[in-house]
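Thanks for coming. I will take a few minutes on side-chain pairs in one model, and then stop for discussion.

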Amino acid sequence: PDARPLMVTIAPELDGALETIAWLNEAGIVAAIGHTGATYAQARAGYAAGARGTTHLFNGMPELLHREPGPPLAALDSGAYLELIFDGHHVAPELAAWICFHYLQRAVFITDAMAAAGLGDGEYALGGLPVTVEEGVARLHTGSLAGSTITLEDAVANAVASGVGLERAVAMATANPARYLALSGVGGFAPGDKADLISLDEQGRFRGYVL
């Protein structure tokens with residue numbers, strides 16, 4: 001079987017983080033900036049040290065403010081891959097679509113899904129903390145979002161509904177993640193690639209497997 005890619009999310013402002021990012025990069029392990037309170041300069045240093053991606057852009061990090069642009073602007077400036085939770089709640093659909101249009105080769109759809117994905121509303125747990133899912137939105141009892149309940153198919157369909165376009169949306173769920181993780185033989189149609197094919201309708205919804 002193919003070796004699975006390894007990935008580490010790291011906050012670049014922590015002691016030793018830049019050295020760790022450089023080591024991960026040299027070891028072939030994907031380093032991503034995320035779950036951080038970094039300033040713009042600290043985040044830029046993390047990308048300069050070799051961080052290849054951004055864990056769920058805009059979430060788990062300071063906001064992009066006009067006087068303190070923080071990690072979001074550093075990520076956009078860096079050339080790194082930009083993970084998006086395209087569920088309509090973690091990032092406004094208009095902003096998520098804007099990222100997709102302006103960073104076509106770097107936007108990557110992720111789900112950040114928790115245990116409620118595909119199961120409907122109700123009471124669940126995340127890391128031992130109680131979570132309530134209402135109308136598909138998972139929240140801790142503090143009101144904070146607690147991951148999503150979408151599938152990757154949902155992310156594609158949400159992007160299409162926001163005007164991204166089916167071809168672009170599919171690339172952000174297939175080819176872009178493959179490049180992000182430096183995977184070969186998946187995410188495209190080159191001779192010799194694995195033929196893991198599905199059929200989608202014009203709205204990006206799953207229709208069936210292509211055998």
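Predicted model: local features only at pLDDT ≥ 70, side-chain atom pairs only at ≥ 80, totals over all residues.

Aromatic pairs to begin with. A search of the whole structure gives 4 of them. I will show two.

One is Tyr81 with Tyr180. The ring centres are 5.1 Å apart and the planes meet at 25 degrees, so this pair is stacked. The cut-off for that label is under 30 degrees. Where do Tyr81 and Tyr180 lie? Tyr81 belongs to strand S4, residues 81-85, and Tyr180 to helix H7, residues 175-180.

As for accessibility, Phe206 is partly exposed, at 34% relative accessible area. Tyr209 is exposed, at 67%.

Now the salt bridges. The count is 3.

Let me take Asp77 and Arg44. Their closest N and O atoms are 3.6 Å apart. Asp77 sits in helix H3, residues 70-78, and Arg44 in helix H2, residues 40-48, so to speak of the pair is to speak of a link between distant parts of the chain, 33 residues apart. Both partners are partly exposed: Asp77 has a relative accessible area of 42%, and Arg44 has 35%.

The remaining bridges share Arg205. What do Glu153, Asp154 and Arg205 form? These residues are linked in a network of salt bridges. Between Arg205 and Glu153, the closest N and O atoms are 3.4 Å apart. Arg205 is in the loop between strand S9, 197-200, and strand S10, 206-210, while Glu153 is in helix H5, residues 152-161. The pair therefore ties together parts that are 52 residues apart in sequence. Between Arg205 and Asp154, the N to O distance is 2.5 Å. Asp154 also lies in helix H5, so this bridge ties together parts 51 residues apart in sequence.

How accessible are the members of this network? Arg205 is partly exposed at 32%, and Glu153 is partly exposed at 30%. Asp154, by contrast, is buried, with a relative accessible area of 18%. The cut-off for buried is under 20%.

That brings me to helix H5 itself. Which residues of H5 are buried? They are Asp154, Ala155, Val156, Ala157, Ala159 and Val160. What covers them includes strand S5, 107-110, helix H6, 166-173, and S9. Just after H5 comes Gly163, with a positive phi of about 95 degrees.

Methods: Residues numbered from 1 in each chain as written. Heavy atoms only, no water. Phe/Tyr/Trp six-rings, centres within 6.5 Å; stacked < 30°, edge-to-face > 60°. Helix = DSSP H or I, 4+ residues; strand = E, 2+ residues; numbered from the N terminus. Buried < 20%, exposed > 50% of the residue type's maximum accessible area, 1.4 Å probe, protein only. Salt bridge = Lys/Arg side-chain N within 4 Å of Asp/Glu carboxyl O. Contact = heavy atoms within 4.5 Å.
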